[in-house]
Amino acid sequence: MSDPLISARQLVKRFGDFVAVDGIDVDVRRGESFGFLGPNGAGKSSTMRMIGCVSPVTEGELRIFGLDPARDGKQIRARIGVVPQQDQLDEQLSVEDNMLIYGRYFDLPRSVCRQRTKELLEFVQLADRAKSRIEPLSGGMKRRVTIARSLINEPELLLLDEPTTGLDPQARHVLWDRLYRLKQRGVTLVLTTHYMDEAEQLCDRLVVMDRGRIVAEGSPRELIERHSTREVLELRFPAGTNEERAHEIDGIGQRHEVLPDRVLIYAHDGEAALAEAHARGSAPESALVRRSSLEDVFLRLTGRSLVD
Amino acid sequence: MSTPAAVRVWESHWTLYRAIWKSNMAGAFVQPLLYLLGMGVGVGALVNRNTGSSDLLGGLSYFEFLAPAMLATTAMMIGTQESLWPVMGGFKWQRTFLAQAASPLSPGEITSGLLLWQLTRALIAVGGVACVLVLFDGTRSWGLLAAVPFGALTGGAFAAPLTAWAATRERESSFPSILRFGIVPLFLFGGAFYPISELPGWMQPIARVTPLWHGVELCRNVVHGTLGWADAAGHVAVLAAYVVVGTVLARLAFARRLAE
């Protein structure tokens, strides 16, 4: 294995008494697409801000490109791109002016900024909006400007904090497609998300975080195979009766989870599990068989749902 | 060839200003002009009729006394206006400072670029008032050329400490109080409208330590050719001290906040 692009050992971030990141070990290889999956408050953003060299490491060791953020923050930041959780665009300025002033932060000559702005706006399919102000653009377009802007210094590593949160499904797919192309060009992607579908779409490898700790690591497929069954049967009973009805399906499949709104039965064959439930006389209001997802992995590992 | 980081930060503020300068103009020019006409000409007619007032005003008509002080008060207003809400916005609303901090720029460079910009804004505004003063016989003077940088320095003496303070605030709720209990009293009692020797004894030392009085003295005397070197050096030193201390504190406040 070549030297990792990011390497963290027993990394800790504390704010006063609050421990946001509680001793995590992470290695990200060049060209890989790596995700931090977890609910809000799991410590994902704090980790990203340490990797982005804006938030100092409290304890432990962190190396990016083999450099130390405490000493070489400037050099590291010059080689990474950052897509923050909330857009930081100047709404009153045009798309291309936003690109230009950002490029100047990296000390790129104006001619280079202009050239790259042209290429990058084509890449995010906003070439026709170069002169438009930011304000009237849709959420998905603003997000694409932010991504174009984060690429102005031709970064080797792109950090994306919740890249598609708050976007409609269509806008999310457009964004995923662009990020996938970046990955194909060899840019290393590191992202945080609390969407399992996003993690499954984009990540070669991910860690599941909960309360500042890493609770599992692997590819999406590995995690599902290791921590869940192939299929899941979802049963809905009349509101408020899930707990009392759960005994009816006891022993079906490998195990079950009772959630406030439904009962999940983990089984290799979901249809067979459903047939057995019917045979026992259990009559749920509705039933659904689906593949296991990272959501199930998270539920299994933490006993909680990803999205509240 | 590389450009100093603070200048590149300054460029971003300049770019934004070029996009919105028209809406800024009214406040910057019209307000001092209104005071000049309303107070300088209107109240001045009353004051000038009062025998003995001219001695108190150093032999000047009231208009001549008041008009150059408007260079300093305008700088104070701009320096304040450019440091309170825009600083909060840079952290919380537009989040410009956060975007800058993700680039190779250091918190110190981000702060210095902002302060450089605030000085520029004061320079532009004071320059505008100076252009108006050129129109009047009583204030048409080569001294205006020196008064403009003196005015900008006065703006910086407000902008730098207020930027430091604003960067430590989580909410903007206290900002109107700064205007109400800080800036407006200075405007009224800082020596712009009458000599501070007219203030009650206990208020005079207070007026003397505030940046506005030093700025007013510099601008007024240099326009009328009555500024001595020793006085000039003293006033500039006080204003520069405000800028330097404010800058140091602002850099610390930015470094702390951006590392959160």
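Modeller: Domain bounds come from an automatic or database domain assignment. For chain A, that assignment gives domain 1 (6-224) and domain 2 (229-291). This is a predicted model, in which local features need pLDDT of at least 70, side-chain atom pairs count only at pLDDT 80 or more, and totals for chains, interfaces and linings use all residues. Residues are numbered from 1 along each chain as its sequence is written, with chains lettered from A and ligands numbered from 1 in the order in which they are written.

Biologist: What separates the centres of the two domains of chain A?

Modeller: Taken over C-alpha atoms, the centres of domain 1 and domain 2 of chain A are 39 Å apart.

Biologist: Which scores does the model have?

Modeller: Its ipTM is 0.91 and its pTM 0.92. Chain B has a mean pLDDT (the predictor's confidence in each residue, from 0 to 100) of 93, with 98% of its residues at 70 or more.

Biologist: How many residues does each chain bring to the contact?

Modeller: Chain B brings 24 residues and chain A 21 residues, where contact means C-beta atoms, placed from the backbone, within 7 Å.

Biologist: Which helix of chain B gives the most to that side?

Modeller: H1(B), with 7 residues. Helices here are DSSP runs of H or I with at least four residues, and strands are runs of E with at least two, numbered from the N terminus.

Biologist: Turning to the sheet in chain A, what is the strand order?

Modeller: The order is S5-S6-S7-S3-S8-S9 in an open sheet of 6 strands with mixed pairing; strands pair if DSSP finds at least two bridges between them. S3 (residues 33-37) and S8 (residues 205-210) of chain A run parallel, joined by 4 bridges.

Notes:
Contact = placed C-beta atoms within 7 Å.
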